[in-house]
Amino acid sequence: MATDNVAQASHNPESKSSRTLGALLAWCMAIACAAVFAWGLTLIGTIAAGDALKVSVPWVPAFNVEFAFHIDGLALLFLLLVTGIGTLIGVYTGAYFRGDARLPRLILMLMAFTAAMLGVVLADDVVLLFIFWELTTVTSFLLVGFDREKASARRAALQALWITAAGGLLLLIGLLLLADVTDTRLLSEIIAAGTVDIGNPQAAWALALVLCGAFTKSAQMPFHFWLPGAMSAPTPVSAFLHSATMVKAGIYLLARVQPAFGEHDVWFYTLTCVGAVTAVWASMMALRQQDAKLMLAWTTVMALGILTLFLGSNERIAVLAAMTFLVVHAFYKCAMFLVIGNVDHGTGTRQLDRLGGLFKALPVTGTVALAAGFSMAGFPPFLGFIGKELKYEGALAIAEEPLLIAMAALAANAMMVAVALTLVRGVFFGGQVNSPRQPHEAPMGMWFPPLVLAVGGLVAGIFPEHLLGGLVQAATSGVLAKETEVKLALWHGVNLPLMMSVLTVILGVLLHVNRVRVHGLLDRLVATLPFTLDMGWDRFLHALDRVAAAVVKRIQTGRLGHYLMVTFVTVVVAGGAALATTQTWSAQSQQAALTPVVVTIVLLMMYAALVTAVSESRMLSIGALGLVGAGAALVYFWYGAIDVAITQLLVETLFVVLIAAVLSKLPRLSGDDHTNRRTRIWHGALAMCTGAVIGLATWLVATRSTDHAVARFYESASLPEAYGANVVNVILVDFRALDTLGEVAVVVTAALAVVAVLSRFNQKRDVENAGEGA
Amino acid sequence: MTALLCLLIAVLTATSVWLMLSRSLVRFLFALVLVSNVANLVIFVGGGLEPLAPALVDTAQPDLVMANPLPQALVLTAIVIGFGLVAFMLVLALSSWKVFRTVDIDQMRFAEPEPDEATTSQLEEPRA
């Protein structure tokens, strides 16, 4: 497994300024996030009291889209998580990438990502929510693919982009359907309207599509496989992505639409089953990893599964469990990732079998790891303990299937204990193992942020009600869209959840002690799988390539005849359909009478055209073409278009001369250019159909009563305004003079092109002649 | 008369489609000339046919009913543009004959060559 190239600082002198810039930007990010965090803290009182903050500016009034933001308890919880963790990540990133020329780029992406994530949790308008949602997708793509030279990072980034962006599009459709059903674009109003009746197919589709969006984003089965790959991002990015942002957006969405769908059984069973399966499977996968970071990435999938599981119920205590665990998870997951970053930095590896006994060398990081690991495992008095107690309490409180949910939570938690033990005990205690680098503690900028989180996890565990009570209560009320009383306490007395906690720890320790055997079992289990979704992904992409190639091969044949055929068939089908549905075929009353002269001319033209069609002589064809052109001139002349007739005659003469000149250099015509009899019949039929459609369409246009208003205007204005008696001329050179100028430009361009092409050949010939002369 | 001219348009269109579908570049050029004539006729006939006085304002006869000047102006423009197009096509045809030494359209595959084995087998290879 590749490690982050932290030490790969560029020694390019010109990057010195960009290094300073990077440090500056990192501080900017930290300070900006801290400022928003502080502002969010001041809001807790107001929002816990039941008020919500609203801002709205019209954006696209035509589509009724607004820049509408809305802060309730749920949004505030996420806002504080994003900005709080964002502050620490800003500080950490500045230290982690110190002296790296890529730092400014990374920080800018992180800032954009933070802003997009804040947009997601604050947006009230569904379209706005979607836009920010996809902005997080795009920015996370950039972040995951940050090491763009690495193929694995590019693949992971693309995979994340594909899956989450596709889910985002489904989400858009779902949200629009939901908005349509509830008759409002604002999430706050959708929530306030209460349960949506999913007997209505539109609402059912809305539910299914919104779930697709949330599951892809939050890496639920079967879309979970992109998240472990996404840990190829630099460690601070992973810490941010996994703890407070990106994947939590799906959880946010589920919590947000809970009041609209939470009553329904289908919501409960879908979320519970998907969440439970995801949580158990992901914790099993976490157990068997050798890369510490990958292990942590899998535990994130597990945590997301647990959150989804608890959001399936609208039981107060279950939602409270989800909201509390959200905070718990953010604290320990971010700290753990940063710890792994420090270990990677200090030893040059993340492979568990090459790490051990590091506590002496990395005392601060080790302490942080202890605290975060205990929180992760759910030991008292850490915040994780409260989270775990609430999970069990919530599971048992859910009316349907309490046992199943409790078992899933128990299994996942027990494996979490084992993972925490592996990460803390395996890495920091036990015998020393030779690591690639002499282990050393990270600089202060890298141990301070995780230390804050670890201490926070401990203090918040001891004084939960004072530090988190108001916020979690506001968030729970926000999810359930009604006032809710909750109390957080470390000690709940001796009860069933506590028994389950004890059981969890026992199971976890057993799993840890027997980890070699467990590894073997899990490896054998994975080996029996016919294929992994990650491999299926490659096959899917490959199949997509082949389908695309096959389609292109069919429609992009490179044959002019084929393209023309498609064009003509389209003309026949579309034009024929339009003609077939036309109602008014009324022949106009005043038809121009049949005139012998014109009839003769027209018959001659038809004959000439047919001659061109069958002739094998070039000269005969040219003559026939000339006849058609001259005939057209006579028709124009007969019907009062003198200028047109003159132009036509002139141009036709030039045509004949030019074509004759060029054709003399081209080969003779062959007898039959249509490949065989079948194509001849088919081409003939197509030609006749096209002719019929065009002819009938002309008839339709010509027999409609023409609106002469424009013509009358030109006629009346021609002399008094433009001082010209010839109306056609006046139109061309006065009223529509700019069009004529454009036309002149076209002709000049054509002439220049002709000269250019011809002179190229003449030059070549000159060169050849010169060569022969020498 | 309108019906007859529409028939003429149909025949000319059919002829040019027939010629375009043939594989000869020379016949394609003929079709191009024909089709630009057809287009002009469509505009002209569509504007309404009346064998009337030309569109010349005569102060002595203010009540004179003139032919519709609008389609005439359009056709005039179209004729000139069509001429430019055909002239350019002629030169292109000439130069492609000099390059490819064929006037069979199906054999001119310089820009879009036949998908050969190389490109297909490249796709069959599994991804890294």
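**Charged pairs in chain A**

A:Asp344 is buried, with a relative accessible area of 3%, where buried means under 20% relative accessible area, exposed over 50% and partly exposed in between (1.4 Å probe, protein chains only). The side chain of A:Asp344 meets that of A:Arg350 in a salt bridge at 3.5 Å, N to O; a salt bridge is a side-chain nitrogen of Lys or Arg within 4 Å of a carboxyl oxygen of Asp or Glu.

This is a predicted model, in which local features need pLDDT of at least 70 and side-chain atom pairs count only at pLDDT 80 or more, while totals for chains, interfaces and linings use all residues. Residues are numbered from 1 along each chain as its sequence is written, chains are lettered from A and ligands numbered from 1 in the order in which they are written, and side-chain values use heavy atoms, with hydrogens and water left out.

A:Arg350, which counts as buried at 3% relative accessibility, also forms a salt bridge with A:Asp291, with 3.1 Å between the closest N and O atoms. Because A:Arg350 lies in the loop between α13 and α14 of chain A, and A:Asp291 in the loop between α11 and α12, the pair ties together parts that are 59 residues apart in sequence. A:Asp291 is buried as well, with a relative accessible area of 4%.

Elsewhere, A:Asp100, A:Arg102, A:Asp147 and A:Lys150 are linked in a network of salt bridges. Within this group, A:Asp100 and A:Arg102 are joined with their closest N and O atoms 3.1 Å apart, and both residues are buried.

How values were computed: Helices (H or I, at least four residues) and strands (E, at least two) are DSSP runs, numbered from the N terminus.
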